[in-house]
Amino acid sequence: MKKLFIITMTFAAFTLQAQDVTFGAKAGLNFSNLSYDYPSGVNGPDLDSRTSIHLGVTAEVSISDNFSVQPELLFSSQGAKSDYSDNDGFYDYKSESTIKLNYLLIPVMAKFYLSDAFSLEAGPQIGFLVSAKSDFESTETEIATGITNTYSDTEDIKDGFKSTDFGLNFGVGYKLESGLNFGLRYSVGLTNLDDPDVDNYSTSSRNFQLSVGYNF
């Protein structure tokens, strides 16, 4: 992890000293989830992906005609969600739980252009956890009367997650001559997010990003 951090910071420092730099901004959707690695025979939570947003700034450094390095500074809201429903013949139960993990991300992407417009990209990323919350909402409906009771709660769970998350990104990009550009990226978390660590158990992040940006 330390080597990955050093590589990320080295690329960022190189960018600040480079001359041929194009700055930009981007925003888009996240489709994130959490991956659980548990011992054989132990099942983790059944989670669904959470849809949220990311936004931030970019700086593309041209190294050659078909290769560039692009560090970014992004706010990214990630996490996961789960749904539960049951019916015992008297009551209809439904609940939804959402884990909201907000990060400040610093990805550094190596971009290889297959044409003037289309590029492949890959690179390391470090994320700093800004906040972590769990939103819970449940309803209990009496079938005979139709009366529904609702309960909701929000819990701060930041202490249960590590403050940094290292990862790797892979993606594709397409840019127009006008400066408008589009990107699709997949992020794989390499850090066990659980704090403190528990032997034989680990949780890591997964995230798809669909972005629209503009280079000035």
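Modeller: Happy to! The largest cavity has a volume of about 240 Å³. This is a predicted model, and the cavity is one of 2 in the structure that reach 30 Å³ or more. Its lining is made up of 26 residues, and those nearest the centre are Gln70, Lys111, Asn181, Phe182 and Gly183.

At least two lining residues of the largest cavity come from each of β1 (21-37), β2 (50-64), β3 (67-87), β4 (91-113), β5 (118-142), β7 (164-175), β8 and β9 (202-215). The biggest share is that of β9, which contributes 6 residues.

Some of these strands can be followed from one to the next. β2 and β3 form a hairpin, with 2 residues between them, and they pair in the antiparallel sense over 8 bridges. In this pairing, Thr58 stands opposite Glu72 in β3. β3 then runs antiparallel to β4, and 19 bridges join the two. Here Leu74 faces Leu105 of β4 as its opposite residue. β3 and β4 also form a hairpin, this time with 3 residues between them, and Gly89 in the turn has a positive phi of about 95°.

Leu105 leads us on to the other cavity. The second largest cavity has a volume of about 100 Å³. It is lined by 14 residues, and Leu105 is among the closest to its centre, together with Gln78, Gln125, Asp165 and Ser205. β4, β5, β7, β8 and β9 each give at least two residues to the lining of this second largest cavity. That lining consists of 4 nonpolar, 9 polar and 1 charged residues.

Finally, a word on confidence. The protein has a mean pLDDT of 90, with 89% of its residues at 70 or more. Confidence is highest in strand β8 (residues 180-189), at a mean of 98, and lowest in helix α1 (residues 2-17), at 56. Where pLDDT is low, the predicted coordinates should not be read in detail.

Terms used: Residues are numbered from 1 along each chain as its sequence is written. This is a predicted model: local features need pLDDT of at least 70, side-chain atom pairs count only at pLDDT 80 or more; totals for chains, interfaces and linings use all residues. Side-chain values use heavy atoms; hydrogens and water are left out. pLDDT is the predictor's confidence in each residue, from 0 to 100. Helices (H or I, at least four residues) and strands (E, at least two) are DSSP runs, numbered from the N terminus. On a 1 Å grid over the protein atoms alone, a cavity is a set of points where a 1.4 Å probe fits but cannot get out, and a pocket is an open set with protein on both sides within 12 Å along at least five of seven lines; lining residues have an atom within 4 Å of a point. Grid points are joined across faces, edges and corners, and a volume is the space filled by probe spheres set on the points. Ala, Val, Leu, Ile, Met, Phe, Trp, Tyr, Cys and Pro count as nonpolar, Asp, Glu, Lys and Arg as charged, and the others, Gly among them, as polar. Two strands pair if DSSP finds at least two bridges between them.
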